[in-house]
Each structure stands twice: as structure tokens, then as C-alpha cells.
Amino acid sequence: MTARERVAGTVANYVDERTGAAKWMKKNLNKVFPDHWSFLLGEIALYSFIILLLSGTFLTFWFDPSQREVVYEGSYEPLNGIEMSAAYASTLHISFEVRGGLLMRQIHHWAALLFMVAIVVHLLRVYFTGAFRKPREFNWIIGVGLLTLGIVEGFLGYSLPDDLLSGTGVRIAQAIIQALPVVGSYLSFFAFGGEFPGEAFIPRIYTVHVLLLPGIFLALITVHLMLVWYQKHTQYPGPGRTEKNVVGYPLFPVYMAKAGGFFFIVFGVTAFLSAVASINPVWLYGPYTPGQVSAGSQPDWYMGWLDGLVRMAPPIETHAFGHTISWNILIPGLIIPGIMFTGLALYPFIESWISGDKREHHILDRPRNVPNRTALGAMALTFTIVALLNGGNDIIATTFNLTINQMMWFSRIGILVLPPIAFVVTKRLCLSLQRADRDLVLHGRETGTLMRMPSGEFVEIHEPISAEKAWTLTQHEQPVPLELEDTDARGVRRPGAIKNKLRNRMSRAHAVAVPKVSAQDLKEIEHH
Amino acid sequence: MKYLSRYRRHRAAAPILLLFALFAIGTTFSVASATTTPEQSEFSRSTAIEEGREIFLKGCSSCHGLNLEGSAIAPSLLGVGAASVDFQVGTGRMPVADLSVQIMRKPPVYDEKEVAALAVYVASLAPGPEIPTDASLNYERDGSTAEGGELFRTNCAMCHNFAAQGGALTQGKYAPTLMGVEAKYIAEAMTTGPQSMPVFSDKTLTPEEKLSIIKWVKAVEAEPALGGASLGRVGPVTEGLLVWTLGIGLLIGVAVWLAMKAR
């Protein structure tokens, strides 16, 4: 034993005798995580969140969350002598006078955009691989909660600098609040402490943005990760991987090194973006006053789909009993998002109700093997993308020589027509891919080598695929549709017959599949 | 060729070929669609008005009428003033090439002298706003940048965007960018209100206020891209595009690399 080892041992022993950490560490540091790039998407979100906490803390040192009016006397000449809120003036101060302030602001904003991108991409991975199935439904709901809170948190951050763009966004948010029937105007007065814009809003959302929501985030992220820890990570199908094991690397040292290194890479990419690309140039927007608005006022991308829905809504209002109901804001601003997020949160339960599958799953699905789910995801994604595109309709129109009206009609029709098309096309594609898998297992890989037979005929040589690959392509279960009887054993109609019929039909649609290769099939093909 | 064909089944072969193809198509397109500026023809007449009348009769009267009275497709030019002629012809909007949606700025057909002659001729028949002189356009001396920005955001930004980059209007019309537009033309556009633009008379915006607006526009034009590439100064749309392409693209690339097994 060298001197160095002796010292290390003494220190470790000292700590262990007082904390009992050794046993716990031994167990947990050896915990195995499967290795796949798509499992790192959630980590991007986690690391962006850490970057947000660090850069956000820096910004709070100088940001003044107040709508008190001040006259700007800073170093940005085009705004000199202009009246503005202290919030806006301090944002300019951070940008132009605080050392590294502009970089930090840009890091904070790019990290926020990246945080939301990573959440969405992670959600898509979880959805399309079926990782939300039992026992992970709660974690799925927590994830949907994080996504929703992320949108709110991002929007509040976008609103804080009190520039012309933020103020315009807040004004639209106020319109959405007011669109709530009956309570809308009361809620608006409550939120703004009186008339819009008032002096209360920025200080209030500041507390929510830097204290309340980050606290909730921390709690939810902790539970999210603890559940992953406790339930163990899912893994992609492959030889040696079962529902009862996890194949991968131990947390220490391999995974810890990879994950730790990845944090610095995420930080690096965020800092790189912030160093080379300007984001939210508040000094160009000018201070917010309700009398001004800019062409091309947009929210950040994670709200863009919502803005797109509002932009495409036809102007429908009803007046009844002295109340106006603005359907053109209520439907796209509250009802449709409400349906979308409720559907998203409840999806694990809906799918298990349709398929009747109540078992635990730790092996992920290949998206093609569950055509209905994949198609449904493609449909929802298409809906959101059409809405998002319409959120930038004016920029797209001027960039590509289109008219705003064409964009609007494309979106209005597209949002109804394209998602069903996406559903059908995706479902067919999945089935085709299943068929291709089947061919691959049965006939092997096309080598690209042509052989000329003595008869003059050309044939392409196929090479059998490896046993491992064949296993991966055939390990999935063949779904069995539910067959709920209309009548019980005595021939009496069961209650809920219509519901059962519907469930049977949905279950049949969910279970559509190309039959996978069986041992029988392989034997047969060996004969010829 | 043997060397190349060894790699044709390489994983990266398809993406690299795609990149090559895109690059080739883009280059071909940009070369093929390159335009040349039209040659300017020479005119010379003794008096400006006579010269202007000649040009008008040849180039403008078929739509605007022999006596500037206008027609079904073109407005009367009586009283539009020299400023309007200078703006429309000087920026190449007139004579018009395409009447479909909006008359666009293009390389001018007439040279400076001819434009001046046309302007004098049109103004000689009925008075209207004058072309601002160089002395009256000394925005550097007479304007205030900050006040100009305030006025711009109140009066102009709703169409021309917060940084004067232009924006979309209805039915394919648009407010053009003000980047690279000469001070004279900005002043003339405010006074004469071409196409969809409202007229800002000297009562709405005093001459000093107009100069302030011009000064602010010029300041924005000259302002370096603070904080990195400006991304077009059109707001969050391009930021979202960048984060969804370069941002997450880089990180997914790294994730794939991290998860790769040693071969």
C-alpha cells in the first residue's frame, strides 16, 4: 500500500464511520444505466436548467423588478433621455455596463430556449418508444407538468425586461385572461392589480419567475429523477435485455464521466450560441408603452404555436346578457391548449385502456411496432407544427414572397386536413417498415453484389443477418386486440355495450401489425 | 474512381452527396438568376421642363394621361409635387413593371438629371410637396436619435418593424425595409405617403421630428450587431429556428458521439 492509498483510505474511513456512506455509495455507484444517445435528451434539459439557475442568479444581482418610471442615462445613446421602467433600464444596464452582462443575459435566454427544446425532444423520445407505460405513468405526468411550467416560466422571463416586445406579449396574455367568460375581467384586475399595465405586474411575476416556479421545478425534477432511479431506466430491445434486467454501464465511473462531461458540453454549446448569436436585443425593441407595437411581434418558439392558433382563429364573438364572449381568443388561447395538454397527460391511461395492457414494461418499443401510437404522435406533432408555422406567418410571408392571407388559409385548412393525413401516412409507413423487417429476417441483407447465373439471369446475393439483429427485429410482442363480449355467459346484455364496442374497435386499430417472423417461417424458408 | 467507390456504401456517403447536390443547385441557381442593371439612356434638352415633358409623354402618359389627369389604372399626378415624382421615379418604382400587388423598388430607369426634369415638369403644372434640399436634410445636426426612436416606435414600427427591417401587410403587401434607403427618400415617403403608407404632414410630424426619425433609422443601420449575429432583427422567429437547428443539432450530435461504443 502506497502512502497515497493509505491517506485516501484513512479519509474514506473517517467519512464512512460518521455517515455510513460506504454501503449506500457501493450500491448506488454500481447502478447500471443503459447507453443510448436518445437517453441523453432529458439530460440536456436538466443541464440547461442548471445553467438557467446559475445565469439567472447572476442577472438578479442587477435586475430591478420595478415599473417605477426612470429617465435613461446609460451608455446606449439611441435611448438617452427616454422615460422607461426601472426594469427595462436595469436590463439595459446589464447589457451595456455590467461586465459580461450581455453574455449572461444571452446565455440565460438561449439556455431557456434550449431547455424547452430539450424537454420537447425528450418527451417525443419517451412517447414514441412507449417509455410512459406502466410503471412510469406518474413520471410522464410530472414531465407534462414540467413542460407546462416551462412554458409559463419562459413566458414570464420574456415579460420581465418590460421592453416593447415583452409588453406586447403581456398584453396578449391579458387578452387571453379576459377572454375567460364571467371571471375574465376580474382575474385580469386581480393579476395586474388594476388596469393594464399598472405598476404591480413586473414585481409580481419576478417573484414567481425567480422563486416560486424554480422551487416547484426543483421539486418536480427531483421527483422525476428519483422515480427514474427507483424504477430503473428503460432500455431498447436487444439480445440479453429483458424486462427484469438493465444492460449498460455502471454509474461510476463510466456514466458519471459521460454525464459530467456532457454537462460541460451543454454549457459550452449554450455559451457558444450566446457568444455568436444575439438573442432578445431589448435595446432595439425600446421600452414598453401601451401605445406602441412592432410589426412581427412574436413570442418565443415554445409559445409560438399558441400565438399561431390565435392568429388563425376566425373572428367570432357572441354577445349575451350584457357579456361578450370572444370565442376567437377563448377557443385557440385556452380551450384547444387545454384539450392538448389534458390529452397529453392522460395518454398513458388512454392507451392502456384501449389496448387492455396492464403489465409493466421496461423494454422500449421500436416506434414502427406500435403503428397506432406512432401515427397518433405524428398527428399531434403535425397539428402543433402547423400552428407554430402560423405563429411566424408574417416573417414567413415576407421571406418567401407569400401573403399573410395565404399563410392564414393554409393554416386554417392545414390544421384540420394535414394531421389526419399524417396519421394515415405514418401508420402505413410503420406497417411498411414492419414488412421490411420481416423481409430482412427472412431473406437477409441485400449485399449489392450481383451474380450472373449460368442461364444468364442476374441475382442479387443476400447475406443472412446476425442472430443478434434477427432477435432484435423479432423480439416484440404481437398485439392482441381486445374482444369484450356484448353479452355475458348467460346471454344477458352487459352494461356498457356501446362503450365496449367502441373499445373493441379502437383496440383492433391499435393492434394492427404485420405478422413477425416465427420459427416456423424460418424453417420453411430453409427448405428452399 | 476505385478509391471513391470504396466509400460509396459508407454511412456518411448519402448525407455528403446530399450536401454536394444542395450546394450545386444553390450555386447554379444564384448564378443563373443573377441580374444585370439596365443601361441608362442619354437625354439632353435645353430646359428642364421641356425635357421633363418629353420624358413624361414617352414614359408616363400612357397610364397617367397626357395632362397628368390619370386613368383607370393610374392616379392623377396633379398636385403630387416634385417630392412624389422624385421618390417614385428615383427609387425605380416608376415606371412600374408589375402592377399585381405592390410596386417594388428596383434599379431606376431614368438617371438623376431626368428624374429632376420630370419632377420639375410635374410640379410646374400644379404645386405640391418640394424635394427636400440637402440643407433641409441635415439630420445629423437637426435631429435627435432618441426622440426619433420614440417617434419611430409610435408611428412606423407597427408596419416597418422595431428595427426598420420591414414587415408584412395584408394580401401580400408589405412595408419595405428602411435599411440602405437614402435619407431623402425616407423624408419624401413620409411627406407623400406612397402606396399603403399614410401621409405624415408637417402637422403630424414636424420637419425636425422627421429628421429625428431619419437620424434614428440611420443610427440603427450603422449600429453593429451587438451581442453576436443579429439574426435579421426580426424577433424570436429566427432565434427559435437557430435553437431548433444548430442548438439542439450540435447537442444531439454530441449525445450520439457520447453513446457510441468503442469499435
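This is a predicted model: local features need pLDDT of at least 70, side-chain atom pairs count only at pLDDT 80 or more; totals for chains, interfaces and linings use all residues.
A residue counts as buried if 20 or more other C-beta atoms lie within 10 Å of its own, with C-beta atoms placed from the backbone.

**Entry 1: A:G150**

I looked up A:G150 and found it in helix α6 of chain A, which covers residues 137-159. Leaving out residues up to four places away in sequence, I listed what A:G150 touches: A:F115, A:M116 and A:I119. I also checked A:G150 against A:N139, which is 11 residues away along the chain. Their C-alpha atoms are 16 Å apart.

**Entry 2: chain A as a whole**

I went on to the totals for chain A. I count 19 helices and 8 strands in it. The chain has 528 residues, and 38% of them count as buried. Taken along the principal axes, the C-alpha atoms fill a box of roughly 90 × 80 × 65 Å. I also looked at contacts in chain A with a separation of 6 or more, and 71% of these are between residues 24 or more positions apart.

**Entry 3: strands β7(A) and β8(A)**

I looked at strand β7 of chain A, residues 445-452, and how it pairs with β8(A). The pairing is antiparallel and runs over 5 bridges. One residue pair I wrote down is A:R452 with its bridge partner A:F458 in β8(A). The two strands, β7(A) and β8(A), form a hairpin with 5 residues between them. In the turn, A:G456 has a positive phi of about 100°. I then checked cover on β8(A), residues 458-463: of its 6 residues, the count of buried ones is 0, and the strand is hardly covered.

**Entry 4: helices α10(B) and α11(B)**

In chain B I looked up helix α10, residues 183-192, against helix α11, residues 207-222. How do α10(B) and α11(B) lie to each other? They pack at an angle of about 135°, with axes 10 Å apart. The two helices are therefore oblique to each other. The crossing of α10(B) past α11(B) is right-handed. I listed the residues that make the contact: B:A183, B:I186, B:A187 and B:M190 from α10(B), and B:K210, B:I214, B:V217 and B:K218 from α11(B). Sorted by class, the contact of α10(B) with α11(B) has 6 nonpolar residues, 2 charged residues and no polar ones.

Definitions and conventions. Residues are numbered from 1 along each chain as its sequence is written. Chains are lettered from A and ligands numbered from 1 in the order in which they are written. Axes are lines fitted to C-alpha atoms, for helices over the stretch in contact, and angles run from 0 to 180 degrees between N-to-C directions. Helices (H or I, at least four residues) and strands (E, at least two) are DSSP runs, numbered from the N terminus. Angles under 35 degrees count as roughly parallel, over 145 as roughly antiparallel, 65 to 115 as roughly perpendicular and the rest as oblique. A crossing is left-handed if the near helix is turned anticlockwise from the far one by less than a right angle, and right-handed if clockwise. Two residues are in contact if their C-beta atoms, placed from the backbone, lie within 7 Å. Ala, Val, Leu, Ile, Met, Phe, Trp, Tyr, Cys and Pro count as nonpolar, Asp, Glu, Lys and Arg as charged, and the others, Gly among them, as polar. A residue is buried if 20 or more other C-beta atoms lie within 10 Å of its own, exposed if 12 or fewer, and partly exposed in between; C-beta atoms are placed from the backbone. Two strands pair if DSSP finds at least two bridges between them.
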